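Here is a short briefing to read beside the coordinates. Keep the sequence and the 3D view open as you go.

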Amino acid sequence: MIIGSTRYRSFVEPEGDLHEALLNSREAKIMLLDPLKEGVLMRARSIPDPEITPEVMREQLIRSIDYLKGLRHAQKAVTLKLYPEMPLLKLAILGDNAFLRHYHLGVNVRFMPEYAFRNEQNHGGLYMPMYRYFQARWQDPNIPEYDLDTDEIVYRDRSGNEVSREQF
């Protein structure tokens with residue numbers, strides 16, 4: 001389970017920290033910024049690095065989507081959702097481990113501290129709140145699914161039933 005802005009460096013680049021994990025996973029649920037929505041523009045403008053532009057972020061998102069399409073065509077169970085607003089968290093949940101970074105205005109997320117949480121079945125840990133956060137975002141009907149086979153945006157109701165589709 002992965003949430004991020006583009007995740008290009010994380011899983012598309014072969015040296016990315018999630019590249020091998022995605023190649024070897026049985027199932028992946030991924031949420032990325034919608035390259036056509038305002039969140040990309042807002043995030044790019046919040047980083048004072050001239051190399052980070054909305055165009056660069058959109059290109060990274062398209063390359064991330066293409067990478068996920070390749071995994072899907074290789075028979076991997078990959079589901080992608082695209083959210084519209086500026087990102088809050090960079091989150092990866094791999095089994096009983098959750099890795100978290102916070103998107104901060106004016107700072108590239110690579111320079112933010114990373115926190116790791118382990119699911120130790122105790123009530124004081126932060127693994128379960130991170131897991132629940134992901135699940136709540138994943139089930140939000142305002143975050144549409146991207147059909148990796150047809151390049152369509154799929155809208156669903158609260159029960160998960162398909163309501164409509166539109167070409168991406």
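The points below cover the sheet, the helix packed on it, the nonpolar core and one histidine.

This is a predicted model. The largest nonpolar core holds 41 residues.

**Strand pairs**
- S4 and S5 are antiparallel, with six bridges between them. In this pair, Ile93 stands opposite Ala98 in S5.
- A hairpin is formed by S4 and S5, with two residues between the strands. Gly95 sits in the turn and has a positive phi of about 60°.
- S5 and S6 also pair in the antiparallel sense, over four bridges.
- Strand S7 (residues 145-147) and strand S8 (residues 152-156) run antiparallel and are joined by three bridges. Tyr146 faces Ile153 in S8 as its opposite residue.

**Nonpolar core**
- Which residues of the largest nonpolar core touch the most other members? They are Phe11, Leu22, Ile30, Leu32, Leu68, Leu80 and Leu91.
- Helix H4 (residues 54-73) supplies the largest share of this core, six residues.
- Ile30 has contacts beyond four places in sequence with Ile2, Phe11, Leu22, Leu68, Val78, Thr79, Leu80, Lys81 and Trp138.

**His102**
- His102 belongs to strand S5 (residues 97-102).
- Why does His102 count as partly exposed? Its relative accessibility is 34%, and the partly exposed class lies between under 20% for buried and over 50% for exposed.
- Leaving out residues up to four places away in sequence, His102 touches Leu88, Leu89, Val109 and Met112.
- Lys69 is 33 residues from His102 in sequence. The C-alpha to C-alpha distance between His102 and Lys69 is 27 Å.

Methods. Residues are numbered from 1 along each chain as its sequence is written. This is a predicted model: local features need pLDDT of at least 70, side-chain atom pairs count only at pLDDT 80 or more; totals for chains, interfaces and linings use all residues. Side-chain values use heavy atoms; hydrogens and water are left out. Buried means under 20% relative accessible area, exposed over 50%, partly exposed in between (1.4 Å probe, protein chains only). Contact means heavy atoms within 4.5 Å. A nonpolar core is a set of buried Ala, Val, Leu, Ile, Met, Phe, Trp, Tyr and Cys residues joined through side-chain atoms within 4.5 Å. Two strands pair if DSSP finds at least two bridges between them.
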